[in-house]
Amino acid sequence: MIIHTLGPSSTDSYTVAESLLQSEDDGIVGYPSFDSLLHNIHQLTEQYVLFPVAFKSARKDYGWKEFNYDYWDKVELVDVFQRKTKPMVLIKNSFYAENRAMIHPATTIFLKNYLNKINKDTVIEYTDSKYKAWSAFCKKNLKYTIISEDVFEKEKKVGYTIEERYEPVMVWCLYKIN
């Protein structure tokens with residue numbers, strides 16, 4: 001079984017895909033975004049794709065629901081299951097250059113709830129994965145991001161503080177491409 005999903009290996013999608021491998025012949029193909037996976041889906045006949053139901057494109061108004069309806073006649077839903085996500089943390093950069101946040105669209109509710117709670121506002125920008133959001137946050141010296149805790153612990157910098165921690169349960173869908 002070859003599973004196509006979001007990469008790199010630090011993403012929740014890749015981690016969950018690893019848990020589904022059953023033999024040495026099985027493998028995972030990681031994509032930089034679900035959009036790029038969907039762009040290539042017609043080439044994946046008889047292979048599998050793994051989506052979290054929280055999948056939401058950073059580029060267009062398209063997510064798991066749209067995929068499920070758009071491809072209803074091209075895919076077979078072979079498994080639906082739940083797993084906790086890797087713990088995520090909302091990071092604040094005390095030495096930010098711009099009062100902006102870079103996040104994955106699926107984590108928007110966490111940041112918006114936090115900003116409402118502290119009665120603050122910031123411009124929110126989106127990218128294809130939490131890891132890409134982390135990279136842009138560091139490179140552009142932004143104020144907020146949400147990243148998997150294990151990545152933060154490996155790559156944290158002075159001035160970065162954990163404001164909140166999240167570990168929700170995610171529903172996952174494994175499809176076979178017809």
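Analyst: Let's start at N119, which sits in the loop between α4 and β7. Helices (H or I, at least four residues) and strands (E, at least two) are DSSP runs, numbered from the N terminus. Keep in mind that this is a predicted model, where local features need pLDDT of at least 70 and side-chain atom pairs count only at pLDDT 80 or more, while totals for chains, interfaces and linings use all residues. Residues are numbered from 1 along each chain as its sequence is written, and side-chain values use heavy atoms, leaving out hydrogens and water.

N119 isn't a glycine, yet its phi is positive, about 55 degrees. Most residues other than glycine have a negative phi. N119 is also exposed, with a relative accessible area of 69% (exposed means over 50%, with a 1.4 Å probe and protein chains only).

β7 belongs to an open, mixed sheet of 5 strands, ordered β7-β6-β8-β5-β9; strands pair if DSSP finds at least two bridges between them. β7 (123–126) and β9 (160–166) each have a single partner strand, so one side of each has no neighbour in the sheet. Neighbouring strands are turned by 25 degrees against each other on average, direction ignored. Inside the sheet, β6 (98–103) and β8 (142–148) run parallel, joined by 3 bridges, and M102 has T145 of β8 as its bridge partner.

Helix α4 (108–118) packs on this sheet, touching β5 (88–93), β6, β7, β8 and β9; contact means heavy atoms within 4.5 Å. Its direction makes about 135 degrees with that of β8, where axes are lines fitted to C-alpha atoms, for helices over the stretch in contact, and angles run from 0 to 180 degrees between N-to-C directions.

Technical notes: Buried < 20%, exposed > 50% of the residue type's maximum accessible area, 1.4 Å probe, protein only.
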